[in-house]
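Let's take a friendly walk through a protein model and look at how some of its charged side chains pair up. Have the structure open beside you as you read.

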Amino acid sequence: MVQYIAKKWIYARTFEGVPKPDDFRLEEEVLPEIQDGEFLAKAEFLSVDPYMRIHIHLYPVEIVMIGGQIAQVLDSKHPDFPVGAYVFGQFGWRTYTICNPAEIETKKPYVLPDFGPTLPRSLGFGVLGMVGNSAYFGFLEVCRPTEGKTVVVSGAAGAVGNIVGQIAKIKGCHVVGITGSDEKCQWLKEIGFDAAINYKMADVEKELQQAAPEGVDFYFDNVGGQTAATVRKQINLRGRIAVCGTISMYNGNPAQVADPQRDFVGKQLVQEGFSVYRWTDRWFEGINQNLKWIQEGKIKYRETITEGFENMPNAFIDMLKGGNVGKAIVKV
């Protein structure tokens, strides 16, 4: 029997403001032999995502830090997870995992579909995984866009936002992205956005009036706070807002926005928050459609990859500060 020793990052201290490296602790664990119905997987890529910052508060300290990973099955006593297969699973920040799918009620692991010979497996939690499905279902099902209308995306150069913008272009919309640097603005224009606004340097309200002279019909919100308030001022009557996240407020000190409900009454707006797991029963619909669009050249992707499991906390903190373009990933 081969003995496996897993490294794991422990959520050691409650986050106060921006997470810090010493909020985590690296430990090791000797794994037992797998039992019937279980499989053993070795992490290849791990994901760092904004949702981890707020969802971790649902758990006590001293647990393994939450998160998804793409891993290869090394040993298996489960017929659906054969040795050699690559899986996506919410296994947390650890290098080896023993998993019994029967013990997981929601967010069950699954074998990655075939992406073809040229696409990296890391897309399994990017455009061809949870992130891509957040864009696909969140935009199409919540915003319900129509051709010729104007879409604004905040956090537009992030993992979800850039895909939303590209899907909006596929659907014939005029698309404006809001992001945090001139470099990111340039990249958004390269992948098809009609306009991009650097919120750190520009007068967002003024530039949005120029980029969307007929107003905003659909807003896909990843950041909340003042940016959302600014966009709402320019949303047209009966506009629709999909709230994927509010990352500008995750680290405390939320922006004070005057009377945020007024526009909803006066303009008869519809705002809806969502979790991508609402569409679990259609999961592979989103993956297959996004894969088709990639193969057709209609969706381009970008990843920010950090090397080394020991750098998980740094990659997570950098992502929360906007250091990534596209999906933030750690390669073990």
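## Salt bridges and a buried alanine

In this predicted model, Lys8 is buried, because its relative accessible area is 13%, and buried means under 20%. Lys8 and Glu29 form a salt bridge, and their closest N and O atoms are 3.2 Å apart. This pair links distant parts of the chain: Lys8 sits in strand 1 (residues 5–11) and Glu29 in strand 2 (residues 24–30), 21 residues apart.

The structure holds 16 salt bridges. Here are three of them, with the N to O distance for each pair.

| Pair | N to O distance |
|---|---|
| Glu29 and Lys8 | 3.2 Å |
| Arg302 and Glu183 | 3.5 Å |
| Glu205 and Lys233 | 3.6 Å |

Take Arg302 and Glu183, which form a salt bridge. Glu183 is exposed at 52% relative accessible area, whereas Arg302 is partly exposed at 34%.

Now for Glu205 and Lys233, whose side chains meet in a salt bridge. Glu205 lies in helix 5 (residues 204–211) and Lys233 in helix 6, so the pair ties together parts that are 28 residues apart in sequence. Salt bridges that share partners also join Lys8, Glu29 and Arg94 into one network.

Helix 6 (residues 225–233) also contains Ala228. Is Ala228 buried or exposed? Ala228 counts as buried, because its relative accessibility is 4%. Leaving aside neighbours within four places in sequence, Ala228 is in contact with Tyr219 and Asp221.

Conventions
Residues numbered from 1 in each chain as written. Predicted model: local features only at pLDDT ≥ 70, side-chain atom pairs only at ≥ 80, totals over all residues. Heavy atoms only, no water. Helix = DSSP H or I, 4+ residues; strand = E, 2+ residues; numbered from the N terminus. Buried < 20%, exposed > 50% of the residue type's maximum accessible area, 1.4 Å probe, protein only. Contact = heavy atoms within 4.5 Å. Salt bridge = Lys/Arg side-chain N within 4 Å of Asp/Glu carboxyl O.
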